[in-house]
Amino acid sequence: MFLVFLLPSAAFVQPAANHTITVGGVGDAMLGLMPDELATALGPAFDIGDEVRITVDFDGRIVTSAGAVQFCAAMTENTDKLTLFLVSNPGYTTAQGVGATTTIAEAVYVDETLSCIPDNQGREFVSFANGPEG
């Protein structure tokens, strides 16, 4: 699972490694890895920060490269394994080119459904009829 949302303003750098968002992860960062396994998978060009509160619901690690935020790797459901990636860096996109700066009108996944869930702190979600599986 991945979420695309905006973090506080920061400089972004497109990483040298694979930067494609997929159902299974972000580039070489895959769901189900432990933080130390994430560091090995990404290599020395990436810095995996200490565990921090990323949102009101998620603890995780902020992944940087060359001092710039690349994405956040979160652990949900009281586990030490990565279960969610939060991507706001426009250098990362799906194979179809959809990423943090893509508007819904530009998205290649058609027939979008927007929803707001008041019981979930008013969060807004979008799903697509032709979106990626997962």
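These figure legends walk through close-up views of one predicted protein model.

**About the views.** Because this is a predicted model, local features need pLDDT of at least 70 and side-chain atom pairs count only at pLDDT 80 or more, while totals for chains, interfaces and linings use all residues. Residues are numbered from 1 along each chain as its sequence is written, and side-chain values use heavy atoms, with hydrogens and water left out.

Figure 1. Helices (H or I, at least four residues) and strands (E, at least two) are DSSP runs, numbered from the N terminus. Starting at that end, the elements follow the order β-β-β-β-α-β-β-β-β-β-β-β. Of the 134 residues in the protein chain, 35% are buried; here buried means under 20% relative accessible area, exposed means over 50%, and partly exposed lies in between (1.4 Å probe, protein chains only). The chain exposes about 7,800 Å², with carbon and sulfur atoms supplying 53% of it. Such areas come from the Shrake-Rupley method with a 1.4 Å probe, and for residues only the protein chains shown count as cover. Among contacts (heavy atoms within 4.5 Å) with a separation of 6 or more, 40% are between residues 24 or more positions apart.

**Figure 2. Helix α1 has a buried face.** Which residues of α1 (residues 35-42) are buried? They are P35, L38 and L42. Looking down the helix axis, these buried residues fall within an arc of 50 degrees, so they line one face of α1. That arc is taken from the directions that lead from the helix axis to the C-beta atoms. The cover over the buried residues includes β4 (29-30), β5 (46-48), β7 (59-65) and β8 (68-75). On the other side of the helix, D36 and T40 are exposed.

**Figure 3. Beyond the helix, the chain passes through G43 and P44.** Just after α1, G43 takes a positive phi of about 90 degrees. P44 lies in the loop between α1 and β5 and counts as exposed, at 87% relative accessibility. Find S65 too: P44 and S65 are 21 residues apart along the chain, and their C-alpha atoms are separated by 9.1 Å.

**Figure 4. Three strands make an open sheet in the order β2-β3-β4, with antiparallel pairing.** Strands of a sheet pair through backbone hydrogen bonds, either parallel or antiparallel. Two strands count as paired if DSSP finds at least two bridges between them. The edge strands are β2 (21-22) and β4, each pairing on one side only. Strand β3 (residues 25-26) meets β4 over two bridges, and V26 has A29 of β4 as its bridge partner.

**Figure 5. Strand β7 is mostly covered, with five of its seven residues buried.** Strands β5 and β7 run antiparallel and are joined by three bridges, with I48 standing opposite V63 of β7. Strand β6 (residues 52-53) also pairs with β7 in the antiparallel sense, over two bridges, and a hairpin of five residues joins β6 to β7. How many bridges link β7 and β8? There are seven, again in the antiparallel sense, and G60 stands opposite A74 in β8. The hairpin of β7 and β8 has two residues between the strands, and A66 there takes a positive phi near 55 degrees.

Figure 6. A salt bridge here is a side-chain nitrogen of Lys or Arg within 4 Å of a carboxyl oxygen of Asp or Glu. A search of the whole structure finds one salt bridge. R53 is exposed, with a relative accessible area of 52%, whereas D59 is partly exposed at 24%.

**Figure 7. Strand β9 (residues 84-87) is buried on both sides.** L84 and L86 point one way, F85 and V87 point the other way, and all are buried. Three bridges join β9 to β8 in an antiparallel run, and A73 stands opposite F85. G99, in the loop between β9 and β10 (112-117), is buried at 10% relative accessibility. G99 and V87 are twelve residues apart in sequence and 8.1 Å apart in space, C-alpha to C-alpha.
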